[in-house]
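Subject: The structure you were waiting for

Hello,

Here is the structure we talked about, ready for you to open next to its sequence. My notes on what turned up follow below.

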Amino acid sequence: LKRVKVGMVLELHNTGLRRQERVAPARWLARLLVLAGSLSLGACESAVDFSQWASGYNRAVERTHNENLVLNMVRAAHNRPMHFATISVVRGNGQATPVLSAFMPFQNLTALARSGATLTPTFTVSSGFNFDMASLDTSEFLAGLLTQISPDVIDYYVSNGIPREVLFNVFIESIEIATDDHTETFVNNPNSPDHEKFIEVLHGLLDSGFTTESLAVTVPVGPVLTEAEAKDPLRLQAVAQNGLVLEEAGGGYRIVKSATTSRFCFKARGEALKKLPKNALCGANDLPDEQAGQKIGSGLEGRHNASLKVVTRSTGGVFNYLGNLIYRQVDSPAPYRLALTSEEARTYNYLGRGDSLIYVLKDTVQAGDLVRVEFNGSTYSVPADKQGYSALVMSIVLQVLNLSKSVNSIPTTSAVVVR
């Protein structure tokens with residue numbers, strides 16, 4: 001087979017057979033476009049990287065949540081109304097555009113040059129996000145914001161290794177200790193002149209092993225039943241279908257259900273163990289009456305035959321408490337900073353970024369601040385270095401705040417559309 005190219009005429013020579021084919025410039029252009037398509041597909045495969053879009057959105061949400069938390073703490077510090085908002089809907093949009101640049105020199109009007117043709121494929125990607133902000137001023141959210149935090153929530157964090165000194169300072173509103181002759185209430189309010197007394201009592205309880213535990217209990221459902229009522233086939237079917245149990249109780253029968261609850265108790269050792277009554281110890285079967293308070297005997301130094309009652313805050317109360325700490329740090333005439341001193345807290349703080357429960361600076365902006373907000377002409381910021389337990393506290397508060405949100409306010413992020 002012999003091929004000779006003369007201008008735009010291709011001659012094929014083969015054992016007595018001869019054929020001529022004239023290739024028009026349009027057909028050359030079609031072939032180039034096919035090549036461009038294949039190159040653009042390869043460029044698409046290598047150029048589109050969605051990871052940067054996802055991480056950028058993630059950082060934006062992080063910044064929004066952090067600023068919302070600190071801003072409401074600062075509002076609470078100055079007795080301003082708190083306002084909460086959330087990102088309700090996020091829309092992602094991406095566009096991929098392949099571009100082909102071709103250069104084809106012609107010898108004349110009908111013939112391409114033998115060399116010099118170039119083909120340059122390029123591929124551009126653009127992205128963006130649109131979102132809707134929703135104000136959390138519904139009755140459902142406010143009910144959660146004003147409800148006392150359950151010991152179940154506190155026990156969850158204790159069981160996950162969060163220092164008790166952090167949790168109890170954030171979540172406990174007051175501690176009441178009653179003895180035979182009088183009752184004392186210690187309020188956890190940084191603006192109170194008696195705040196140091198609360199800290200002293202709390203440290204005494206922590207030294208005695210004060211903690212939380214989760215218990216499996218049975219909860220009565222309905223009144224006591226007679227034998228005939230208990231044997232009713234329809235009732236027995238309903239009991240079985242709903243995972244309930246029928247037990248003997250008070251000369252009759254009662255339907256009960258299994259549940260899990262949490263309570264404050266003591267994991268004491270040594271001398272502290274001898275001073276505490278058995279029902280105050282974790283794992284006790286004879287649980288105390290919550291209304292009457294937990295008997296702690298001589299578990300606290302200097303107090304005998306005492307009982308203990310713990311009152312937890314609401315989520316809104318947590319913001320007020322942290323706001324009071326911020327006020328005492330940066331706006332009070334007598335600056336005060338709450339430092340954590342327990343061995344458990346020091347061990348947890350392995351990064352060594354300070355011992356403050358929360359640490360905020362005013363009008364002292366630093367590079368790499370964890371978060372900063374503008375309020376009333378001033379800048380409040382949490383530094384990345386020497387922040388103490390600020391990041392941990394913000395993480396816990398955000399999670400507890402989310403418990404107050406409706407499922408309808410959870411972001412429903414759409415898929416990123418590439419066209």
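Let me start at Phe-186, which sits in strand S7 (residues 183-187). Please keep in mind throughout that this is a predicted model. Phe-186 has a relative accessibility of 8%, so it counts as buried. Its C-alpha lies 6.8 Å from that of Lys-197, although Phe-186 and Lys-197 are eleven residues apart in sequence.

The overall picture

The protein has 419 residues, and 37% of them count as buried. Its secondary structure consists of twelve helices and 16 strands.

As for the pairing itself, S9 and strand S10 (residues 252-266) are joined in the antiparallel sense over five bridges.

The disulfide

How many disulfides does a search of the whole structure find? The search finds one, formed by Cys-265 and Cys-282 with their sulfur atoms 1.9 Å apart. Cys-265 belongs to strand S10, while Cys-282 is in the loop between helix H9 (271-275) and strand S11 (294-297), so the pair ties together parts that are 17 residues apart in sequence. The torsion about the S-S bond is about 85°, and the disulfide is therefore right-handed.

The two cysteines can also be described by their accessibility. Cys-265 is buried, at 0% relative accessibility. Cys-282 is at 22% and counts as partly exposed, because buried means under 20%.

Helix H5 (residues 164-171) has eight of its eight residues buried, so it is largely enclosed by the rest of the structure. The buried residues include Arg-164 and Glu-165 as well as Val-166, Leu-167 and Phe-168. Asn-169, Val-170 and Phe-171 are also on that list.

Helix H12 (residues 390-402) has 13 residues and spans 18 Å from its first C-alpha to its last, close to the 18 Å expected at 1.5 Å a residue. Its buried residues include Ser-390, Leu-392, Val-393, Met-394 and Ile-396. Val-397, Leu-398, Val-400 and Leu-401 are buried in H12 too.

In helix H2 (residues 51-77) you will find Asn-68. This residue counts as buried, at 17% relative accessibility. Not counting residues up to four places away in sequence, Asn-68 touches His-83, Phe-84 and Ala-85.

Two more places to look

Gly-354 is in the loop between helix H11 (343-348) and strand S13 (361-362). At 25% relative accessibility, Gly-354 counts as partly exposed. Which residues does Gly-354 contact once its neighbours within four places in sequence are left aside? They are Asn-349, Gly-388 and Tyr-389. Gly-354 and Tyr-389 are 35 residues apart in sequence, yet their C-alpha atoms are 7.6 Å apart in space.

Finally, Ser-378 is part of strand S15 (residues 378-382). Is Ser-378 buried or exposed? Its relative accessibility is 11%, so Ser-378 counts as buried. Leaving aside neighbours within four places in sequence, its contacts are Lys-362, Asp-363 and Val-373.

Do write back with any questions once you have had a look around.

Best wishes

Definitions and conventions: Residues are numbered from 1 along each chain as its sequence is written. This is a predicted model: local features need pLDDT of at least 70, side-chain atom pairs count only at pLDDT 80 or more; totals for chains, interfaces and linings use all residues. Side-chain values use heavy atoms; hydrogens and water are left out. Helices (H or I, at least four residues) and strands (E, at least two) are DSSP runs, numbered from the N terminus. The expected span of a helix is 1.5 Å times one less than its number of residues. Buried means under 20% relative accessible area, exposed over 50%, partly exposed in between (1.4 Å probe, protein chains only). Two strands pair if DSSP finds at least two bridges between them. Contact means heavy atoms within 4.5 Å. A disulfide is a pair of cysteine sulfur atoms within 2.5 Å.
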